[in-house]
Amino acid sequence: MDRYERILTLHRLLKSAHYPVPLPRLMDELECSRATLYRDVAFLRDALGAPIESAGGEHAAFCYAVGEGERFELPGLWLTSDELAALLALNELIGRSGPGVLAGALAPFKARIEHLLSDQGTGKTLPIERIRVIAWGERKLDQQVFRVVAGSVLERKQLRFRYRARTTNSDSHRRVSPQRLTHYRDNWYLDVWDHDREALRSFAVDRIAEPQALDEAARDVPEQELNDALASSYGIFAGKPKAWATLRFSQHAARWVADEHWHSQQKGEWLPDGRYELQVPYSNSKELLMDVLKYGPDAEVVAPLSLREEMKIQLQLALGGYQSEK
């Protein structure tokens, strides 16, 4: 941990503790030596004004003073990027809800978010409008459909609906046991056990029509089985991995790709000439190829051969569209 992370962790440990926290536990949580811990405690107390109380001697321990500790917050914006993104996203979602049933109920949350995003030391409100959260690729969603689908997931009831596949534009009728809702790239997907096909499937909620909650209890699939079948390969419509894709990026694109998270099991390697090679497991190639295509000439599919040939066909078809006369 760097010092920022240690101070933040130390503050959270002391604020949430009901009893003094022993020195060995703090050293273990902060992954630091005794001397470093004492320096951090001194900085938190003397520079940031934390109401720290300590018991010295052989069994040293630290805590926040009762009362003062509950009111104390770190001055300034001491949020991680993930926490800031979560708060801003929640603030944005509350703003989107507009007037309605939830408006009054959500108002206290909005006020609390704005408080968390203010300067705790001076009480000054920070201009959070200077930070933007931009939705990308969000598709129109029928709210009534979403309510029925979400209700079936939470109430653990089977669901019947009509589904129009985006790939073929053909209709099918499904009876499923909903497992979980997944919010992925600003859109909602429903993971289910499909009773007609006796298999796990994922459906885009925006393509579901005429949903009907049934009285029959939903079949519960263990979380590990869900993850193995639906989250072990690249993309939202994953399935169990069929192969590993090897992708190679130019020196220019490597500056971005090397820092990107494509998959939990990805493997990356810098090549001697400055290019970057990335390996990810995949089942359905469509989404993977779409993400590679956005890098244009800076990306190359190296293996397997079938995936490389599929990419070549995609590029030839794209080029053919530009060669035809309008």
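Me: What makes the largest nonpolar core here, and which residues have the most contacts inside it?

Reply: In this predicted model, the largest nonpolar core has 21 residues, and those with the most contacts inside it are Leu-10, Leu-14, Leu-37, Leu-44 and Ile-52. It is called a core because its members are buried nonpolar residues joined through side-chain atoms within 4.5 Å.

Me: Which elements give two or more residues to this core?

Reply: They are helix H1 (3–16), helix H2 (23–30), helix H3 (34–47) and strand S3 (61–64). H1 gives the most, with five residues.

Me: What does Leu-37 touch?

Reply: Leaving aside residues up to four places away in sequence, Leu-37 touches Leu-10, Leu-23, Leu-26, Met-27, Leu-30 and Cys-32. Another core, of 19 residues, lies apart from the one above; among its members are Leu-247, Ala-254, Trp-262 and Leu-307.

Me: Why is the pair of Phe-161 and Tyr-163 called edge-to-face?

Reply: Let's take the two values in turn. The ring centres are 6.4 Å apart, and the limit for a pair is 6.5 Å.

Me: How do you know whether Phe-161 and Tyr-163 are buried or exposed?

Reply: Buried means under 20% relative accessible area. Phe-161 has 1% and Tyr-163 has 9%, so both count as buried.

Me: Why does the charged end of Arg-3 count as sitting over the ring of Phe-43?

Reply: The charged end of Arg-3 is 4.2 Å from the centre of the Phe-43 ring. The distance limit is 6 Å, with a further condition of lying within 35 degrees of the ring normal, and Arg-3 is listed as sitting over the ring. Likewise, Lys-267 lies over the face of Trp-244, at 4.7 Å from the ring centre.

Me: What makes S10 and S12 the edge strands of the open sheet?

Reply: The four strands of this open sheet follow the order S10-S11-S9-S12, with antiparallel pairing. Strand S10 (267–270) and strand S12 (299–303) are its edges: each pairs on one side only.

Me: How do you know that S9 and S12 pair?

Reply: Four bridges join strand S9 (residues 243–249) to S12, and at least two are needed, so the strands pair. Within S12, Val-301 is the bridge partner of Leu-247. Helix H11 (residues 305–323) packs on the sheet, touching S9, strand S11 (276–282) and S12.

Notes. Residues are numbered from 1 along each chain as its sequence is written. This is a predicted model: local features need pLDDT of at least 70, side-chain atom pairs count only at pLDDT 80 or more; totals for chains, interfaces and linings use all residues. Side-chain values use heavy atoms; hydrogens and water are left out. Rings of Phe, Tyr and Trp (its six-membered ring) pair if their centres lie within 6.5 Å; planes under 30 degrees apart count as stacked, over 60 as edge-to-face and the rest as tilted. Buried means under 20% relative accessible area, exposed over 50%, partly exposed in between (1.4 Å probe, protein chains only). Contact means heavy atoms within 4.5 Å. Axes are lines fitted to C-alpha atoms, for helices over the stretch in contact, and angles run from 0 to 180 degrees between N-to-C directions.
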